[in-house]
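Good morning, and thank you for coming.

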Amino acid sequence: MVEIATGTWLRVISVILVLKDKKPLLKGYPVECHTIGDHIRKVRMDRKLSQGKLSRALNVSVATIANWELNRSKPLEINLSSIIDFLGYVPTQVESKVK
């Protein structure tokens with residue numbers, strides 16, 4: 001108890017909350033990765049990168065990143081090594097092309 005004025009007491013209650021549920025997924029976050037575009041989008045979102053930052057890192061346009069992520073197009077072979085470096089692994093869809 002804390003005295004706030006002569007003869008007046010205030011009871012202070014402190015509460016600590018621990019949240020244990022998972023954070024909701026961001027809109028467009030792929031739950032399962034079926035395509036290389038899904039892998040790119042998942043890793044980009046996990047790392048909290050914008051499409052613009054990723055496009056500059058991979059030396060492609062923002063539209064190219066969007067098209068890969070939306071599965072409208074697939075990366076060219078010349079882009080595969082930089083994509084694999086970005087992902088940190090070889091997606092199963094790419095393994096046959098790399099060998």
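This is a predicted model: local features need pLDDT of at least 70, side-chain atom pairs count only at pLDDT 80 or more; totals for chains, interfaces and linings use all residues.

**A threonine in helix 3**

T64 is partly exposed, with a relative accessible area of 24%; the term covers values between buried, under 20%, and exposed, over 50%, with a 1.4 Å probe and protein chains only. T64 belongs to helix 3, residues 62-69, where helices (H or I, at least four residues) and strands (E, at least two) are DSSP runs numbered from the N terminus. Between T64 and Q51 there are 9.4 Å in space, C-alpha to C-alpha, and 13 residues in sequence.

Residues are numbered from 1 along each chain as its sequence is written, and side-chain values use heavy atoms, leaving out hydrogens and water.

Let me turn to the chain as a whole. Five helices and two strands make up its secondary structure, and from the N terminus the elements run β-β-α-α-α-α-α. Of the 99 residues in the chain, 29% are buried.

How many salt bridges does the count come to? The count comes to three, a salt bridge being a side-chain nitrogen of Lys or Arg within 4 Å of a carboxyl oxygen of Asp or Glu. R41 forms one with E69, the closest N and O atoms being 3.3 Å apart. This pair links distant parts of the chain, since R41 is in helix 1 and E69 in helix 3, 28 residues apart. R44 and E69 also meet in a salt bridge, at 2.6 Å from N to O. R44 lies in helix 1 and E69 in helix 3, so this pair ties together parts that are 25 residues apart in sequence. Is E69 buried or exposed? E69 is buried, with a relative accessible area of 3%, and R44 is buried as well, at 9%.

The side chains of K42 and D46 form a salt bridge too, at 3.2 Å from N to O. Because K42 and D46 are four residues apart in helix 1, about one helical turn separates them. K42 is partly exposed, at 25% relative accessible area, and D46 is partly exposed, at 41%.

Finally, consider T92 in helix 5, residues 92-98. T92 is exposed, with a relative accessible area of 58%. T92 and I36 are 56 residues apart in sequence, and 8.4 Å separates them in space, C-alpha to C-alpha.
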